[in-house]
Amino acid sequence: HWCDFDYSPATTGELLDDPTFVAQASIDQVKSMLTWCVRGERFCSGHWGDVIQSGKVRLLLERLTEIRAETDTS
């Protein structure tokens, strides 16, 4: 459910570098960015630590919270 098998690693990584984009991302875009985070660890040991320390995971979780709130009021 949370894995985007069709994501583009290069493009998705660039999108995740833009906090403004992440703050407005759709649920499908968040799913792609989470996929990028998970799969990155397969190719680079310590990737998860990097995306956590850089605040990228926090931004994604905050966006998911906002999406949930929007869904609850709809």
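A: A residue is called buried when its relative accessible area is under 20%, exposed when that area is over 50%, and partly exposed in between. The model is predicted, and the account below applies these classes to it.

Start with Arg-58. Its relative accessibility is 47%, so Arg-58 counts as partly exposed. The side chain of Arg-58 meets that of Glu-62 in a salt bridge, with 3.0 Å from N to O. Glu-62, at 37% relative accessibility, is also classed as partly exposed. Arg-58 and Glu-62 both belong to helix α5, which runs over residues 56-73, and they are four residues apart, so about one helical turn separates them. The general rule is that an α-helix has 3.6 residues a turn, so residues three or four places apart point the same way.

The next arginine is Arg-63. With 9% relative accessibility, Arg-63 falls in the buried class. Arg-63 forms a salt bridge with Glu-66, and their closest N and O atoms are 3.2 Å apart. Arg-63 and Glu-66 lie in helix α5 three residues apart, about one turn of the helix. Glu-66 is partly exposed, at 38%. Arg-63 has another salt bridge, to the side chain of Glu-70, at 3.5 Å from N to O. Glu-70 is likewise partly exposed, with a relative accessibility of 43%. Through shared partners, these salt bridges join Arg-63, Glu-66 and Glu-70 into one network. The structure holds five salt bridges, among them Arg-58 with Glu-62.

Arg-39 is another case. Arg-39 sits in helix α3, residues 27-43. Arg-39 is buried but has no salt bridge, and the nearest side chain of opposite charge, that of Asp-4, is 7.4 Å away. Leaving out residues up to four places away in sequence, Arg-39 touches Cys-3, Asp-4, Phe-5 and Tyr-7.

The helix around Arg-39 has other buried members. In α3 the buried residues include Val-30, Met-33, Leu-34, Trp-36, Cys-37 and Gly-40. The cover over the buried residues of α3 includes α1 (9-16), α2 (19-24), α4 (47-53) and α5. The length of α3 can be checked as well: at 1.5 Å a residue, its 17 residues should span 24 Å, and its end C-alpha atoms are 25 Å apart, which agrees.

Finally, Cys-3, a contact of Arg-39, can be considered together with Cys-37 of α3. The sulfur of Cys-3 has its closest cysteine sulfur in Cys-37, at 12 Å, which is too far for a bond. Cys-37 is accordingly in no disulfide. With a cut-off of 2.5 Å between cysteine sulfur atoms, the disulfide count comes to zero.

Notes: Residues numbered from 1 in each chain as written. Predicted model: local features only at pLDDT ≥ 70, side-chain atom pairs only at ≥ 80, totals over all residues. Heavy atoms only, no water. Helix = DSSP H or I, 4+ residues; strand = E, 2+ residues; numbered from the N terminus. Buried < 20%, exposed > 50% of the residue type's maximum accessible area, 1.4 Å probe, protein only. Lys, Arg positive; Asp, Glu negative; His and termini not counted. Salt bridge = Lys/Arg side-chain N within 4 Å of Asp/Glu carboxyl O. Contact = heavy atoms within 4.5 Å. Expected span 1.5 Å × (residues − 1).
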